[in-house]
Amino acid sequence: MSLAQILQDKGSQVFSISPQATLEDVVQTLVKNNCGSLVVCEENDCTHMLGIITERDILKACAARKVPLERYRVSDVMTSDLATCSPNDSVQDAMGMMTDRRIRHLPVINDDGTLVGIVSIGDLVKYQHNQLTMENHYLKSYIQG
């Protein structure tokens, strides 16, 4: 299965934030949208991603310095060395990349550089679980006649 099919099932909505926003803004946006990452881009223009900010980035910033979240800007702590994938990439390839780079969120980019969605490790594990459950069902049915 390709990532395009995963995005078709889960939807392609991506939450974003400005690089000038504070980490307090990030926390509020993550909680409001019940998600674990935000794509960083200029306001209302996610055609060019600047980076990604995740829960882990916030924890690292908190551990590094003991200052209020309002004093950090997204641009200070975001990950700008982005790992991305294509909608045509397989679930296995995406999982391999996420495992190798120790990341949990992967932006999906078209050939023209357009952001089309984001997949999480949870999305990919859910897909694999569903596949294994279905395979198990068919094997049991076959064996039982």
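Predicted model: local features only at pLDDT ≥ 70, side-chain atom pairs only at ≥ 80, totals over all residues.
Let me begin with the overall layout. The protein chain is built from 6 helices and 5 strands, and if we read these elements from the N terminus on, they come in the order α-β-α-β-β-α-α-α-β-β-α. The C-alpha trace of the protein chain spans about 65 × 35 × 30 Å along its principal axes. If we take the contacts between residues at least 6 apart in sequence, 55% of them join residues at least 24 apart.

The largest nonpolar core has 16 residues, and the members that touch the most others are Ile17, Leu23, Val26, Leu38, Ile53 and Val74. Helix H2 (23–33), strand E2 (37–40), helix H3 (55–64) and H4 are the elements that give two or more residues to this core, and the largest share, 3 residues, comes from H2. Which residues does Val26 touch, once we leave aside those up to four places away in sequence? They are Ile17, Leu38, Ile53, Ile58 and Val74. Apart from this core lies another one, of 14 residues, and among its members are Leu7, Ala83, Val119 and Leu124.

Asp57, Ile58 and Ala61 are buried in H3, and because they cover an arc of only 100° around the axis, they sit on the same side of the helix. On the other side of H3 we find Leu59, Lys60 and Ala63, which are exposed. What do the buried residues of H3 pack against? Their partners are H2, strand E3 (51–54) and H4.

I will finish with the charged pairs. How many salt bridges does the structure hold? There are 2 of them, and I will take them one after the other.

In one of these salt bridges, the side chains of Asp123 and Lys10 meet at 2.8 Å, N to O. Asp123 belongs to helix H6 (residues 121–144) and Lys10 to helix H1 (residues 3–10), so this pair ties together parts that are 113 residues apart in sequence. Asp123 is buried, since its relative accessible area is 19% and the limit for that label is under 20%, whereas Lys10, at 40% relative accessibility, counts as partly exposed.

The other salt bridge brings together the side chains of Asp81 and Arg101, at 3.5 Å, N to O. This pair, too, links distant parts of the chain, with Asp81 in the loop between helix H4 (74–77) and helix H5 (91–101), and Arg101 in helix H5, 20 residues apart. Is Asp81 buried or exposed? Asp81 has a relative accessible area of 56% and is therefore exposed, while Arg101, with a relative accessible area of 39%, is partly exposed.

Notes
Residues numbered from 1 in each chain as written. Heavy atoms only, no water. Salt bridge = Lys/Arg side-chain N within 4 Å of Asp/Glu carboxyl O. Helix = DSSP H or I, 4+ residues; strand = E, 2+ residues; numbered from the N terminus. Buried < 20%, exposed > 50% of the residue type's maximum accessible area, 1.4 Å probe, protein only. Core = buried A, V, L, I, M, F, W, Y, C linked by side-chain atoms within 4.5 Å. Contact = heavy atoms within 4.5 Å. Arc of directions from axis to C-beta.
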